[in-house]
Structure formats: structure tokens, C-alpha cells
Amino acid sequence: MKEFKKLVEVADKLNDPTAGCPWDIKQTFKSLQKYILEEACELVDAVDDDDDKDIVEELGDYLYVVIFYAKVAEREKRFTLADVVTQVKDKLIRRHPHVFGDISCETSKDVEKVWNEVKALEKSHRKSALDGIPRSLLALARAQRVLSKLIDHEYENVKALAPKKISEGEMGKQFIDLILQAEADGIDAERCLRNAIQTYEKGFRSWEGEKQKNS
């Protein structure tokens with residue numbers, strides 16, 4: 001795509017050690033880190049607003065963060081943009097054998113099963129089903145990811161909770177009630193939830209280790 005090639009040429013120019021932008025040239029992996037989350041949040045806002053103009057703009061900004069990281073890596077002789085593109089291309093082909101191979105998938109559930117099986121082979125070095133869940137996720141997102149894994153693995157301490165089904169609106173109200181309670185009691189809701197989910201995570205890892213030892 002010629003537009004993408006031109007964008008990369010712009011990135012090359014900005015990151016040129018002699019003729020580039022002084023601000024761009026001094027950036028590092030760490031200094032750019034905050035822009036990953038910031039641009040992702042702006043993209044989510046644009047999608048929520050259903051504004052195509054903003055979505056296009058924010059997708060472009062997010063794309064450039066990826067290119068920028070690759071340019072820093074090239075400057076530091078760590079890896080290249082081509083490495084990034086090749087890696088994700090190869091991963092997509094591997095994880096879609098029903099499209100690029102001879103496996104048949106009839107439903108999205110079948111696709112998820114195949115995806116997870118291929119991913120498990122790729123990540124066979126991982127010791128726990130929880131490995132790979134980003135530690136830097138906000139507490140609520142991390143809690144849902146962790147608990148989803150615990151449910152999938154039929155962890156007894158979660159199975160016993162058996163939550164009743166409620167509407168999205170009612171669940172939102174419960175969240176608001178809890179946050180108001182936290183505010184009234186001077187409790188940091190983010191830290192409180194993060195600590196609580198860590199307790200479940202430690203329990204699951206111990207339970208998981210015992211199962212592996214006895215299998």
C-alpha cells in the first residue's frame with residue numbers, strides 16, 4: 001500500500017539522526033510507553049461516539065505509535081518494522097488453520113477452540129493459564145480476564161459463587177453503588193479490586209500447581 005509506505009518514509013525522516021525532529025530522536029521505549037494507553041483510550045472514545053472521522057484519526061495515531069516504536073528499535077538495532085509485520089502476519093496464518101490450512105470450523109466457538117489450541121502450543125513454556133494476562137491492565141479489565149480463566153478451568157472457589165443473571169443496567173448501578181461506598185469510606189476502589197483479584201489469582205495458581213503435580 002503506497003500510503004503506508006509514505007507514512008513509513010515520514011517516520012524515517014522524523015527519526016533521522018541528522019535531519020530529523022529533535023523530540024522524536026530522543027524518544028525511547030519507556031518515554032513512548034504512556035502514548036500506547038493514551039492513544040488506545042482516545043480510539044475507544046471515538047468508537048463509542050460512532051464518529052468515523054475521529055475513528056480514522058485515532059486509528060492513524062495508534063498505527064503511528066507502532067511505527068514509532070519500530071523506528072526506535074531500528075535506531076537501537078533491536079528489531080525492525082519488517083520484523084513486527086512479519087511476526088503478526090505469521091501468527092495470524094498459524095492461528096487460522098481453518099482459513100489457511102485444512103481444518104474445518106463451522107462456528108465462532110470452533111474458531112475460538114482452534115485459536116486457543118494453537119496459542120497453547122505457541123505458549124507451551126507458560127506454567128499457568130493466567131500467564132499472559134497483562135499486569136498493567138486496569139483492575140476491572142484484569143479482574144474479568146482472570147476470572148474468565150478461572151471459570152474456564154472450573155476453579156472451585158469461583159464455581160461456588162454461582163452469580164445470578166442481571167441486566168447490564170443493574171450491573172452498572174451496582175458498580176456505581178460500590179464506588180460511592182468506596183468514596184464514602186476513603187477506599188481506593190482500583191487498589192481494592194486489584195488486591196482482591198490477586199488473592200484469587202494466588203489461590204488458583206496454587207490449586208493449578210497441585211493439579212499438575214498430581215496428574
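## A charged residue and its surroundings

Is R142 buried or exposed? With a relative accessible area of 7%, R142 is buried, because anything under 20% falls in that class. Keep in mind that this is a predicted model.

R142 has a salt-bridge partner in E201, with their closest N and O atoms 2.8 Å apart. This pair ties together distant parts of the chain: R142 sits in helix α8 (residues 139–152) and E201 in helix α11 (residues 189–214), 59 residues apart. E201 is buried too, at a relative accessible area of 10%.

## E201 and a neighbour along the helix

E201 also pairs up with R205, and here the closest N and O atoms are 3.1 Å apart. About one helical turn separates R205 from E201, because they are four residues apart in helix α11. R205 comes out as partly exposed, at 33% relative accessibility.

Step back a bit and there's a network of salt bridges linking D131, R142, E201 and R205.

## Elsewhere in the chain

How many salt bridges turn up when the whole structure is searched? The count is eleven. One of them joins the side chains of K89 and D90, at 2.9 Å from N to O.

What about exposure for that pair? K89 is partly exposed, with 43% relative accessibility, and D90 is partly exposed as well, at 30%. Both land in that class because their values lie between the 20% and 50% cut-offs.

Definitions and conventions:
Residues are numbered from 1 along each chain as its sequence is written. This is a predicted model: local features need pLDDT of at least 70, side-chain atom pairs count only at pLDDT 80 or more; totals for chains, interfaces and linings use all residues. Side-chain values use heavy atoms; hydrogens and water are left out. A salt bridge is a side-chain nitrogen of Lys or Arg within 4 Å of a carboxyl oxygen of Asp or Glu. Buried means under 20% relative accessible area, exposed over 50%, partly exposed in between (1.4 Å probe, protein chains only). Helices (H or I, at least four residues) and strands (E, at least two) are DSSP runs, numbered from the N terminus.
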